[in-house]
Amino acid sequence: MKLTIGHLYPDLLNLYGDRGNIQCFRKRLEWRGIEAEVIPFLSGSRTDFSRLDIVLLGGGSDREQELVCRYMKEIKSDFKNYVEDNGVVLAVCGGYQLLGKYYKTDKKMIEGLEILDIYTEWEPERLIRNIILNSPLFSTPIVGFENHGGRTYIGNHTPLGKVFFGLGNTGKSGYEGVVYKNVIATYLHGPLLPKNPQVCDYLLERALKRKYGEEIKLEKLPDKLEQKANNYIVGRYSDKKYVLKETIKRYT
Amino acid sequence: MRLRSKLAIRCAKLTSTLIKKLNRGSGVTLPGYVARLIDPEILSVMSGMVREKTIVTMGTNGKTTTNSILYHALKAEGKTVIINRTGANMLNGIISAFVLATDRKGRLHADYACIEVDEIASVRVLPQLKPDCALLTNISRDQLDRFGEVDITYNKIKTAVLSVPETKLILNCDDILSYTLTQDCKNSYVTYGISEQIFDDISRSEIRESIFCRSCGKKLSYDFFHYGQLGIYHCPNCGLKRPEPDYTAENIVLHDTACPSGKPSDGTMEKGQCTAASAGTTEKEQRAAASASIMEKEQRAAVSAGCATQGSSSAGRPILSDRMYSFTLGGMEIASQARSPYNIYNTLSAYAALCALQAPMKKFKQTIEGFDYGNNRESVFMINGARVQLHLAKNPIGFQQKISLVLKDPDPKDVIIQINDTYQDGEDISWLWDVDFQYLANANAATITTNGTRRHDMGLRLKYEDIPCSSTTDLRKTVEKLIAEGTKNLYVIVNYSGLYRTNHMLTELQSITKGGATS
């Protein structure tokens, strides 16, 4: 078996350790004896979605997103078809915003891919902190770090999870991210997958199922270290005293 | 002086005394806060009392070292210089530095002020300080959770610089982001840069911050990269290119400490000539040497130096990381104690600033040759016959440099990596994934141990490169164990908040065991 992972525009969208997500996909396939091929599509090169089983759209600064926008127009319909055909996508931060209709920054209007019926608007106060979600898709919480100026309004879409600690899509809604077909779009980096192997395996299973047609149960991996890293953040923010201390520090 | 300022100074000093008496920390920021409460214009008043020039140093990497070089160079010329303490580079810390340097009557006696300024604080500090020159080391990825994005850092610095149009800029023109300031600000400026390739492949890594043209958005073309986005660039579309720097370092050679005469006559050996004849040369070294010409220069230097060194390990082998750089600055040949190519940049930028200010430089060569770049940030300890190195790595580019340093040492070693996530360190540790840790697989490391609040994240980073490691919550115990049973060659790499405590702990261990004495 083999999966092909397309990393879109790593030269422009490569913030906050996005490479870690690619590495996680790759290693968790290899450790199970499944071949993994990663194809980086640099800005300006042709993206052939028919070859891809997983697409990673990472984060970038507002300026870089604007540049990406130019290249996006060329792949807009191919990308949409890929998603509607149950193609697996992980979109993080800037990539999440780009899947929507638009991102209105303080200066400009960045056009999105219009794959999701969502939009993002910039506000001066950035939402920066550790974040923990409870998602109905997983029994383990999802942990990560959020850092975004944009507030994303997801309309009727299903969120990825409910915010246990942190700010989420708008800082007020109490929810974070979007799940649509085989797309997971989220503000969580950290990077997302290494500390949340349940999310990685969920996406891998979906991609394998789409490619090989049958229900594929992935072999369990020894994830002790992953659990420890995940538990550490959950434990820290389940401690009310710690949360209070951190809040006081933040505002003084 | 205004009464208000006098009162502010008096109260700040009282606060400082109180803090020290009560043993409540080092007291470097609160006095500044108190002074500012009483007199909001205190910094302007104080900086106005500096007799000659005020220099500020900003940038992601190298601020503290560069500022320290400036300080020592000016002191060597007999000048009275004010400097802010490491880490006290926000508004209150800077005010404290000035206020606490005054005499009993609240007067300042200083010829120069060398002030390190945090990028976020620069927006408030610069307009009050009105420095004569502002030195910018580089702008790259650092503590993104504080700064948001590197563009936000850039905009902060831009805003700060725009508020002081009279200030002369000292810019690294190898850094496209820094150089862009010349388009966005009308300030006069001088540039510095290095035209030789001095960084090896490993320290370059893949983090490229701004390889897109700032004026037209097309992809920049690079002759080569130094590290990060620093390098020799040009835009094939609009013609923007890295200018010929006003100040540069040349004839850069890394050579053995004991044999300064052993350095090759020039650094121009061609690629592929290296014969790797040194007795200590391993296959790994040869591989690394083939990858970059700088490595060849090093080996040549080692070969011609005969490999007899001071500071060699107990087995009498040369320790490669004890090699230091020599280079030429404006015709001055300098045999520095710099171990990493970074510090050549730091020295060059300080040189450029002093030249631009027309400061006296009679003793510059002497100062630099005696300058200890260590700065607590890379200290070497001898504990019970084991060599322990402490290194600070607080962002991906810095960490990459440390990995390159570890790889240059072919001897077996133990490595401890401590990662904390306090506000000072940066709460977001995702930058660990921007470091090319895969090279550590070839570092001849007997053990790798992770420590700190985010030790499991660090462990995961290594796990996903298939590099085995363990973790510990008791750093001291682990260090003691490795000193007793390990390779006698220990690297401790920490990020910011662990630096002082670890330094203190290692100093203590060293003094208990009286250095190299074997039991």
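Good morning. What I am presenting is a predicted model, and the predictor gives the complex an ipTM of 0.95 and a pTM of 0.73.

Let me start with one residue in chain A. A:Phe138 sits in the loop that connects β7 (119-134) to β8 (142-153) of chain A. If we set aside neighbours within four places in sequence, A:Phe138 has contacts with A:Gln198 and A:Val199. A:Ser238 is 100 residues from A:Phe138 in sequence, and their C-alpha atoms are 18 Å apart in space.

I turn next to the sheet of chain A. Six strands make up an open, mixed sheet, and their order is β2-β1-β3-β4-β12-β11. Its edges are formed by β2 (35-41) and β11 (178-180) of chain A, each of which pairs on one side only. On average, and ignoring direction, neighbouring strands are turned by 15° against each other. Within this sheet of chain A, β1 (residues 2-8) and β3 (residues 54-57) are parallel and share four bridges; A:Leu8 stands opposite A:Leu57 of β3(A).

Two helices of chain A lie across these strands. Helix α5 (residues 197-212) of chain A lies across β1, β3, β4 and β12 (183-186) of chain A, at about 150° to β4(A).

Now to the interface. How many residues of chain A are in contact with chain B? There are 30, and they meet 23 residues of chain B. On the chain A side, the elements contributing two or more residues are α1 (18-30), α2 (62-84), β7, β8, α4 (192-195) and α6 (224-238). By class, that side of chain A consists of ten nonpolar, nine polar and eleven charged residues.

Chain B has 18 helices and 17 strands. Of its 519 residues, 57% are buried. Among contacts in chain B with a separation of 6 or more, 73% join residues 24 or more positions apart. Chain B is divided into domain 1 (3-234), domain 2 (249-340) and domain 3 (378-512); the C-alpha centres of domains 1 and 3 of chain B are 29 Å apart.

Why is β5 (residues 168-172) of chain B described as largely enclosed by the rest of the structure? Because four of its five residues are buried. Strand β5(B) has parallel partners in β4 (residues 133-136) of chain B, through four bridges, and in β6 (residues 189-193) of chain B, also through four bridges.

I close with confidence. Chain B has an average pLDDT of 82, and 80% of its residues score at least 70. Residues 258-321 of chain B, however, stay under 50, although the model gives this stretch 113 contacts beyond four places in sequence. The pLDDT is also below 50 over residues 515-519 of chain B, a stretch with seven contacts beyond near neighbours in sequence. Where pLDDT is low, predicted coordinates should not be read in detail.

Notes: Residues numbered from 1 in each chain as written. Chains lettered and ligands numbered in written order. Predicted model: local features only at pLDDT ≥ 70, side-chain atom pairs only at ≥ 80, totals over all residues. pLDDT = per-residue confidence, 0-100. Domains from an automatic or database assignment. Buried ≥ 20, exposed ≤ 12 C-beta atoms within 10 Å, placed from the backbone. Nonpolar A, V, L, I, M, F, W, Y, C, P; charged D, E, K, R; others polar. Pairing = 2+ DSSP bridges. Axes fitted to C-alpha atoms, helices over the stretch in contact; angles between N-to-C directions.
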